[in-house]
Amino acid sequence: MNYIELIKNIEKGIINPLYLFYGDEGFLIDEAVKKIVSIIVEPSNRDFNLEFLRGGETSCEEIISKAQTLPFMGERRVVIVKGIDEIKASGAERLIEYCLNPSPTTTLIFTGHKIDGRDKLHSAISKNGVVVQFKQLYEKDTAGWVVRIVKEAGYRIDNDAKDYLISIVGNNLQRLKNELEKVFTYKGSNKDIKIDDIKLLVEDTKIESIFAFTDAIGSKDINKTLRLLEKMISQGEMPERIIGMITRQFRLILLTKVYRERGAASSEIPAKAGFAPFLLEGYLKQAAKYSLMELKDSFYKVQMADVKIKSSDISKRMIIEKLIFELCSDSFYTNRVNQPV
């Protein structure tokens, strides 16, 4: 089962007595847990029918005891065990036995980051419960998530506003939720969210940083480029994401340059290159800074750095800094590698 199917089942009231949620997207895990709790446990009974436990701090016997406790003034209880990978081996056999025959009056939810599929506890949960891996959302899935959150809040968001919001925030779901809450508060009874609302209220750190970053590279300003790199890292961007942003940026600049030189109308370029129309002016300005040969060379260098980021043991930040020196070096374009588009 995937995240979308899980949420649909929860909203329909189809809730199992046993779950394992794991993966990189902790925000979605918390969201799924909260939805289950909101359906099963009345707010007035949460002191009696809702338990939070830590796997590394709780014995298997205590987990079983909490799961077997009958609900008080309600039909079901929820027991949440965070850190399934931290559960002590002592007593694990009894916990596995419980998972093979879970109590129908308790929903026991295990959460974790990485799971060993060969683990006996994982296997027992898989046989008798629901296991969902929460991966970081792709851009198209993030768009669907934004639409759902907006709809649940009673608002509507048009495509330009949605695309612009994701372009400047990325798929950081916690920040997306926070920014949308600001928009909801601002809009009040006006339920239609437009791109101007996003531009007014959401800080455009991602787009401004990456355009400034590539501007600095195009100007061969090493010091400024390194300062902007430090800024992006301090804003929480991981090296993998930064190199991905640079790769995507140079690919779109290159495509913009190619379509422009082939005589495509400006209005056609966004659809052909694959970016939102409101970004056109920025990409045209970027493309004007380079010759086509320089862009091909730059994109090739960025691609090679991307490969190293994903496959090398070298420090990821060091790879990005080396790329910056290569792109900003005066001698960079003296040894061109003529790569096809």
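Visitor: Hi! What kind of model is this, and what does the secondary structure come to?
Guide: Hi there! The model is predicted. The protein chain has 17 helices and seven strands.

Visitor: What does the C-alpha trace span along its principal axes?
Guide: About 75 × 50 × 30 Å.

Visitor: How many residues, and what percentage count as buried?
Guide: There are 341 residues in the protein chain, and 46% of them count as buried. As for the surface, the chain exposes about 17,800 Å², with carbon and sulfur atoms supplying 49% of that.

Visitor: Which share of the contacts comes from residues 24 or more positions apart?
Guide: Taking contacts with a separation of 6 or more, residues 24 or more positions apart account for 76%.

Visitor: Let's pick a helix. Where is H12, and what does it reach from end to end?
Guide: H12 covers residues 222–234, which makes 13 residues. From the first C-alpha to the last, H12 reaches 18 Å, close to the 18 Å expected at 1.5 Å a residue.

Visitor: Which residues of H12 are buried?
Guide: Thr225, Leu228, Leu229 and Met232. They cover an arc of only 105 degrees around the axis, so they lie on the same side of H12.

Visitor: Why would residues three or four places apart point the same way?
Guide: Because an α-helix has 3.6 residues a turn.

Visitor: And which ones are exposed on the other side of H12?
Guide: Asn223, Arg227 and Ser234 are exposed there. Just after H12 comes Gly236, with a positive phi of about 100 degrees.

Visitor: While we're on backbone angles, which residue has a positive phi although it is not a glycine?
Guide: Met73 does, at about 55 degrees. For background, most residues other than glycine have a negative phi.

Visitor: Where is Met73, and is it buried or exposed?
Guide: Met73 is in the loop between helix H4 (60–68) and strand S3 (77–82). Met73 counts as exposed because its relative accessibility is 60%.

Visitor: Changing topic: where is Glu25?
Guide: Glu25 is in the loop between strand S1 (18–23) and helix H2 (26–40). With 10% relative accessibility, Glu25 counts as buried. Not counting residues up to four places away in sequence, Glu25 touches Phe134, Lys135, Gln136, Asn171 and Leu173.

Visitor: What about H2 itself, how many residues does it have and which are buried?
Guide: H2 has 15 residues and reaches 21 Å from its first C-alpha to its last, close to the 21 Å expected at 1.5 Å a residue. The buried residues of H2 include Phe27, Leu28, Ile29, Glu31 and Lys35.

Visitor: Glu179 next. Where is it, and is it buried or exposed?
Guide: Glu179 is in helix H9. Glu179 is buried, with a relative accessible area of 8%. Beyond residues up to four places away in sequence, Glu179 touches Leu165, Val169, Leu201 and Val202.

Visitor: What comes in the loop between H9 and S7?
Guide: Lys191 is found there, between helix H9 (173–187) and strand S7 (192–193). Lys191 is partly exposed, at a relative accessible area of 28%. Leaving out residues up to four places away in sequence, Lys191 touches Gly154, Tyr155 and Arg156.

Visitor: Last one: where is Tyr283, and what is it in contact with?
Guide: Tyr283 is in helix H15 (residues 280–288), and it is buried, with a relative accessible area of 1%. Leaving aside neighbours within four places in sequence, Tyr283 is in contact with Phe211, Arg248, Gln249, Leu252, Ile253, Thr256 and Phe275.

Terms used. Residues numbered from 1 in each chain as written. Predicted model: local features only at pLDDT ≥ 70, side-chain atom pairs only at ≥ 80, totals over all residues. Heavy atoms only, no water. Helix = DSSP H or I, 4+ residues; strand = E, 2+ residues; numbered from the N terminus. Buried < 20%, exposed > 50% of the residue type's maximum accessible area, 1.4 Å probe, protein only. Contact = heavy atoms within 4.5 Å. Areas by Shrake-Rupley, 256 points an atom, 1.4 Å probe, with all protein chains shown as cover. Expected span 1.5 Å × (residues − 1). Arc of directions from axis to C-beta.
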